[in-house]
Amino acid sequence: MERVKKKYSDLSLRKAFVLTVLITFCIVVVLSGLSIWGCLKFRRYLLPDSNEVMLTLDITTTDGEIVTLGCRVRIGEETPLPLMFAEDESGPIIENYDLSSIETSVTKVENSYNMLTPKRKIAYQGCGILMIVLPAVFSMAGILFCGFFFYRQKLNKPLKLLSEATEQIADKNLDFKLSYASGDEMGHLCRSFEQMRQALDENNRELWKMIEERKMVQASIAHDLRNPIAIIEGYAEYLQMNLQTGNLTMERILQIADNMDKSAKRLEQYTESIRAINQLDDIEINRKQIPIEKLLEDISEDLSFMAAGEEIKLNRVGETPKGFVSIDTSVLYRVLENILNNALRYAKETITLSFEMENRFLTISVTDDGVGFSEEILKNKSRLLTPAANEDGHCGLGLTISRLLCKKHDGRLELSNHPSGGAIVKIIVKV
């Protein structure tokens, strides 16, 4: 039985509806046929038998008297005459008469409605009404049964689940699961709804994560802005206090002006970084099909020129992947420039570049021979915002921007340290 229910549940709505209608139609036809057959059978029972005749005997007695006797007999049945008129209420009949001279006559019994008794007429009419009413009743009952059965088996449960799921989403609750095991259209609809819920839940989590990360970025930038602002304010107060007394030498004034200029430039860099981060949301990924060999050759050549300007040697290791990739080169170059500028700042002599292609993901590794990342940065390497580090560490909003650009390109940015020293930054983008 469960197997039959499972097969019916997996049928498409159209096939299930047609099957339900056909089965219901067959049941209605059978019940209607049985009811009509029963009514006809009963009506035939009520009417006189059309094969019966009235046998009349005119018998002349020994006294010369003529006696008429009648009896119903069935055509085709052989019954001895003495048995037909064996006896009546007063006793034996045939035995009292002389059977030497008998005249017979046969009259057919009338088989009609008019021959019925009043009660039988009512029963006969009732059968005629039932032959019309019962098929109509069975048809109406079949239509209602077909509709209710189809709705209950194929529509009721999935519609209820979808309604409850919609209410959950309207209440901003995505922490539920919609499950309906069926192979029909409603099952596909429920599974599609569940996929939509999962996508909404994932997007919601990503949105909240992005909002929290943006709050952290803003808080970090606000914290970092305090330092140059405090320096500028401190030097301004120092100048106000000492310029009037004439205790400051020109050399000291120039030194203070130089420090204030550096702090102002730091403020300008922070402002530019904030503007760049806010513009990342407007960046659209425009992929183009290009040969991966040419892309990597161009990347190596451009980065070599950047490294040569800083008197750092750029080495390329590993084999070049083959084939074509779909990638936004402007986004990739922007990430590479940020990462290489950071590596050039801390590298001693050499920066190593390697490429790897696996499962439609391109990995570009940039390794320097500097001091590597601090423990605080590596501890929070999965966060969008890289924690501020000291002068000897790798930090800055460039990593934050690069991480955001990698995520927009369906990738990620991984940070680690080489066992022999130096930082490793892996740029992983989907191609």
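Visitor: In this predicted model, is Asn-359 buried or exposed?
Guide: Asn-359 lies in the loop that joins β9 (350-358) to β10 (361-368). A residue counts as exposed when its relative accessible area is over 50%. Asn-359 has a relative accessible area of 64%, and therefore it is exposed.

Visitor: What is the phi of Asn-359?
Guide: Most residues other than glycine have a negative phi. Asn-359 is not a glycine, yet its phi is positive, with a value near 55°.

Visitor: What is the phi of Arg-360, and where is this residue placed?
Guide: Arg-360 is not a glycine either, and its phi is positive, at about 65°. As for its place, Arg-360 is in the loop between β9 and β10.

Visitor: How many disulfides does the whole structure contain?
Guide: A disulfide requires two cysteine sulfur atoms within 2.5 Å. For Cys-39, the closest cysteine sulfur belongs to Cys-127 and is 4.9 Å away, which is too far for a bond. A search of the whole structure gives a disulfide count of zero.

Visitor: Is Cys-39 buried or exposed?
Guide: The cut-off for a buried residue is a relative accessible area under 20%. Cys-39 has a relative accessibility of 6%, and so Cys-39 is buried.

Note on methods: Residues numbered from 1 in each chain as written. Predicted model: local features only at pLDDT ≥ 70, side-chain atom pairs only at ≥ 80, totals over all residues. Heavy atoms only, no water. Helix = DSSP H or I, 4+ residues; strand = E, 2+ residues; numbered from the N terminus. Buried < 20%, exposed > 50% of the residue type's maximum accessible area, 1.4 Å probe, protein only.
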